[in-house]
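Good morning. Please have a look at the sequence and the model on the screen, and then I will go through some of the contacts in it.

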Amino acid sequence: MAEKRRDMEQRLKQDRKLSHWGQRRRSLHRSFKRLRDDALEHLSCLVLWRKDTNLIERMFGTGILSYFSFLRFLVLLNLVIFLLMFSFVMLPIIVAPHAAGNLTFNQADGSPCSVYPNSARRGLVIFHEHITDLLSGGGFLEQTYLFYGYYKVDAIHFPRFTYNLPLAYLLVTIAYLFLSLIWIVKRSATGFKRNLIQDEDRFQSFCNKIFAGWDFCITNENAAILKRSSLLYELKTDLEEERIKQKIADRSRKEKCRIYAVRLILNVFVIAVLAACFYSIYRATIFSQKAQGTKCWETRVGQEMYKLTVFDFIIIAAVTIFVEFPRKLMVNYCQCGLMKWLGQQEFAIPQNVLEIVYGQTICWIGTFYCPLLPAICTIKYFFIFYIKKVSLVNNCRPATRPFRASSSNFFFLVVLLIGLALACLPVTVGIARINCSQACGPFVNFTTTWEVLPRAVSELPEGIQTIFLALGSEAFAEGRDKRFLILKLDQAQKPSTTRSPVSQPQQPRSSRGSSSSPSYHTSFNSNYNDAMFLAHPPPHSSTHV
C-alpha cells in the first residue's frame, strides 16, 4: 500500500508540472483507455459459448478446453467462408431481378453433353423419398443453390457494370483457401511462440505458477474455483511432461531404433494409402466424364461431399447416443468384472480432433462443388459442440494423460494445416486439369475452369495486361542477380548480337454478344481458340534476355 501511495503522489507531481493542455490530454487518454477496457470486458460476454467453456475448464482443465476452442474456431472459419460464397456468388443472382439486372445464361450449342437431366421426382411422392433426397442431395435438392449445376449464369448485366460470375466463382474459391491458410498459420505461430516461452525455463515456470500464479484481485467464488482448478491442471501437465521427457531420455538405442522403424513403416503405409485414394478419385472422375457425358459431374462430386458431411454428423451423434451413453449406464449399474475392467469412457482428444479435421477437409474440397456446404458445416459443428459437451459432462472422464492447452492448440492447427494441403490437391486438379462439364455450371463456355482467368485478363486495358504479363513472366520470377548474370553471359557469347523488337501478343476477341432486351439473354459457346494469356506465349512472339 505504501508503494501505491508513493506512485500516486509521484504521478500527481508529474501532472502538476504539465501545462493545462497536457493535463487535459493525459486525462482524455486515461478516460479513453478506461472506456476501451470496459468495452472489451462487455464484448467478452458476447464470445460464443463463453459460459460453457468456463464450465468445461473448471471441470476438466485447459487441455480438453482447447478441443472446444478449436471447434469454435472452425465454426467461425466456416461462417466466414459461407459469407464469401454467399456475397460474391449467390447474392448477385438473387438481387439481379430486383436491381434491374439482366442475367445472361450459359447455353451449349446443341451437343449431346448439353442436356442436364432433371432428377426431381414427379407425381405422388412418398414421404420417405423426401428423406432419401435430404440425405443424398438428390431429387428436389439437386437443382437448387446447394450445388454447382444450378449456377448457369454467365454474366449479370447491371445498369452500370457487368458482373462476371464465372470469374467471381473461381476467385472466391482461391480466396477461401488462401484465407484458411493465413488464418491457420497465424494461430499456429501464436501457439508456437507460447511453446517456446514455456519450454525455455521449466524451473522458472514452476516458480511462477506456485509463488505468483494466483490472482489476488479475484473476489467471485466461481472465478476462484476456476483459477484454482486451472493452476492444478497446469502443474499436473508440467509434471507429466517432465516424466515423459525423462522416459524418452532413458530409452536405449535398441528401443529408439524399434520406435523409429515402426513410425517409418506406418508413415509409408499412410502415404501409400493416400496416394492410392487420390489416384482412384482422379481415375473415377475421368471415367465418370467419359461414361456419363450427359450429366454434370461437378454436381455429382458435390452430392458425394454433401453425403459425407451429413453422414459424418449422423455417425458422431449415433455413437454418442447408442454407444457412449449405454456404456455409462452399464458401468454404473452393472457390477460384473468386465464392466469394472472396461470402466468409464475416457474423452480421447486426438480421436475427436481427427473427426472434425476430417469433416473440415471434406468441406474445403466440396465447397467448390457445393457452395452452401460451409453453411451446413457451420450448423454441424454448432450441434457437435453441444453433443460433445453433454457427452463429456455425463458420459466421460478426463484423460489419464493431461494435455497442455498451448501444445494441444498447436498440434490441432498443424493437423488442420495438413488437411488443408490435402484438400487443395483435388481442388487444384479439378480446376486446372479436368475439363468442365458442358451440361451445367458457370464454366460451360470454357474447357477448364482456369481458362476464365486468362480470358478475363485479356479483356482488360492494354496497360493493365502488360502489368499482369510482367507478373506472370519468367523474368519477374527470377531474381535480379540471376537476370544480370544471364544478360552478361549472353553479351559475352554474342557481343555483336542486336536485340530484335518484341512483338506484342495478339489480343483475343470475344464473339459474345448480348441483346438489349430487358428479358433474359442467352450466350452461345465460342468456337474460336483463345490465346492462353499468362499461361502460354503466342507462337509468333519472341523472347530475349
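I start with a term: a salt bridge is a side-chain nitrogen of Lys or Arg within 4 Å of a carboxyl oxygen of Asp or Glu. What you see is a predicted model, where local features need pLDDT of at least 70, side-chain atom pairs count only at pLDDT 80 or more, and totals for chains, interfaces and linings use all residues. Residues are numbered from 1 along each chain as its sequence is written, and side-chain values use heavy atoms, with hydrogens and water left out.

How many salt bridges does a search of the whole structure find? The answer is five.

Helices (H or I, at least four residues) and strands (E, at least two) are DSSP runs, numbered from the N terminus. Is E142 buried or exposed? E142 has a relative accessible area of 3%, so it is buried. Buried means under 20% relative accessible area, exposed means over 50%, and partly exposed is in between, with a 1.4 Å probe and protein chains only.

Next is K307 with E304, where the closest N and O atoms are 3.2 Å apart. Both residues lie in helix α10, three residues apart, which is about one turn of the helix. K307 is partly exposed because its relative accessible area is 25%. E304, at 41%, also counts as partly exposed.

Then there is D312 with K380, and here the closest N and O atoms are 2.6 Å apart. Why does this pair tie together separate parts of the sequence? D312 lies in helix α10 and K380 in helix α13, so the parts it ties together are 68 residues apart in sequence. Both D312 and K380 are buried.

Stay with α13 for a moment. Two packed helices are described by the angle between their axes and the distance between the axes. Helix α12 (residues 349-366) packs with helix α13 (residues 373-395) at an angle of about 170 degrees, and the axes are 10 Å apart. So α12 is roughly antiparallel to α13. For the cut-offs, angles under 35 degrees count as roughly parallel, over 145 as roughly antiparallel, 65 to 115 as roughly perpendicular and the rest as oblique. Axes are lines fitted to C-alpha atoms, for helices over the stretch in contact, and angles run from 0 to 180 degrees between N-to-C directions.

Which residues meet there? On the α12 side they include N352, E355 and I356, and on the α13 side they include L373, P374 and K380. Another residue in helix α13 is T378. T378 is buried, because its relative accessible area is 14%. Not counting residues up to four places away in sequence, T378 touches V75, N78 and L79. Contact means heavy atoms within 4.5 Å.

Now the end of helix numbering moves on to α14. A432 lies in that helix and is partly exposed, with a relative accessible area of 37%. Leaving aside neighbours within four places in sequence, A432 is in contact with T448 and W450. A432 and E451 are 19 residues apart in sequence, and 8.2 Å apart in space, C-alpha to C-alpha.

T448 sits in the loop between α14 (405-432) and α15 (452-458). With a relative accessible area of 10%, T448 is buried. Apart from neighbours within four places in sequence, the contacts of T448 include I431, A432 and R433.

Last, the whole protein. It has 18 helices and six strands. Of its 545 residues, 34% are buried. Among contacts between residues at least 6 apart in sequence, 80% join residues at least 24 apart. The protein exposes about 33,900 Å², and carbon and sulfur atoms supply 63% of that. These areas come from the Shrake-Rupley method with a 1.4 Å probe; for residues, only the protein chains shown count as cover.
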